[in-house]
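Please keep the structure in view while reading.

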Amino acid sequence: MSSKLSLQEVYTAYKRWVISNPSVVTDVETVATWTSYFVAGKINKSPIISEMIYCMSKLLSLYNDRLIRDAYGAETSSYGLREQIKIWLTIIHYSEVFVELIAKDRWGQRGKWTVATLLQLFKASSGLILLYRFKELPISHPPVAFLQRKKYTEGRDVEEHENSFFKLRRSGRVMRRVDGAPPIAFRDWTPVKIKDDRPVPGIEVKDLLYAESLHVLKPLLHLAAMRFFGNKAWKQWFVALSIDIASLKVYNRYMKELSYEQRLEISRRKLGLVLYLLRSPMYNKYSNTVIENVLNSASKKIPMMSLICGPIIQYLNHWQDIYFYMWAS
């Protein structure tokens, strides 16, 4: 009984520390994440250890965000199906490489690809539920974004919470609830800002559903292409690239009508196309030589650059094999 009580006390103390020191918590999480990069290649089975540290730091950050949300009243503490799906997808996003490495270490390549397929099946089915039931367009990467802790702790984001305001039936005027106002020190007396999730006029929702469906199903289609054509074949590379381009082409028609957050996600996906230079077979036949030549040239011409370029050249092939999957962007 005393051991249970002590664990409860430790948890309560940790929770109080996270809520009271969000900036320090953020610094600790950042150090833990960077530690995972420095561990790579330094100890035995370093990829597994590195990914374990990275995974744990990100999952801890996700949990700490939830503690801060609940403590500052900026989000409801009850999580529905939509929020639960997004949380699980975020957990998989941070841990899937670690899980695949464990599977490969225990059961070889066959175990790795079996686990990868199961993970992608879960992600695709969950993504389709978010898409068609909750009209999540586009699905962010990761689905649960990092919490802007400074805004929450300063009390400036409370008014955006859906339970902090209500609309008058006849006039439609938005009124702030008494218990939904931020602390007096942080009130700016401006009108309540609410997020409008209704479709913007001019947008064909069916087109966006088609575009996002392609994006959600791309990992499974790519896995199937790899199964038929092989891991290093050009055909599987072109299949994934074509799906990404087709999806982005549809989104491009409606960029002006999308919200800022939606445009940001689409821009991230466009930037992710650069990663195709680091994926097989493009990397094996062309990019690898070019990147190594550039890094070698930089290390010779710029002082101290050899300290950075050396480890990159040494582990580049290893990192490419582990991280640059088609579905990791």
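A salt bridge is counted when a side-chain nitrogen of Lys or Arg lies within 4 Å of a carboxyl oxygen of Asp or Glu, and a helix is a DSSP run of H or I with at least four residues, numbered from the N terminus.

## How the model is read

This is a predicted model, in which local features need pLDDT of at least 70 and side-chain atom pairs count only at pLDDT 80 or more, while totals for chains, interfaces and linings use all residues. Residues are numbered from 1 along each chain as its sequence is written, and side-chain values use heavy atoms, with hydrogens and water left out.

## Other salt bridges

The count comes to 8 salt bridges. One of them joins the side chains of Glu136 and Lys86 at 3.3 Å, N to O. Because Glu136 lies in the loop between α4 (81-132) and α5 (149-153) while Lys86 lies in helix α4, this pair ties together parts that are 50 residues apart in sequence. Glu136 and Lys86 are buried.

Glu96 and Lys123 also meet through their side chains in a salt bridge, at 3.1 Å from N to O. Glu96 is buried, with a relative accessible area of 6%, and Lys123 is buried with 18%. Finally, a network of salt bridges links Glu212, Glu265, Arg268 and Arg269.

Conventions:
Helix = DSSP H or I, 4+ residues; strand = E, 2+ residues; numbered from the N terminus. Buried < 20%, exposed > 50% of the residue type's maximum accessible area, 1.4 Å probe, protein only.
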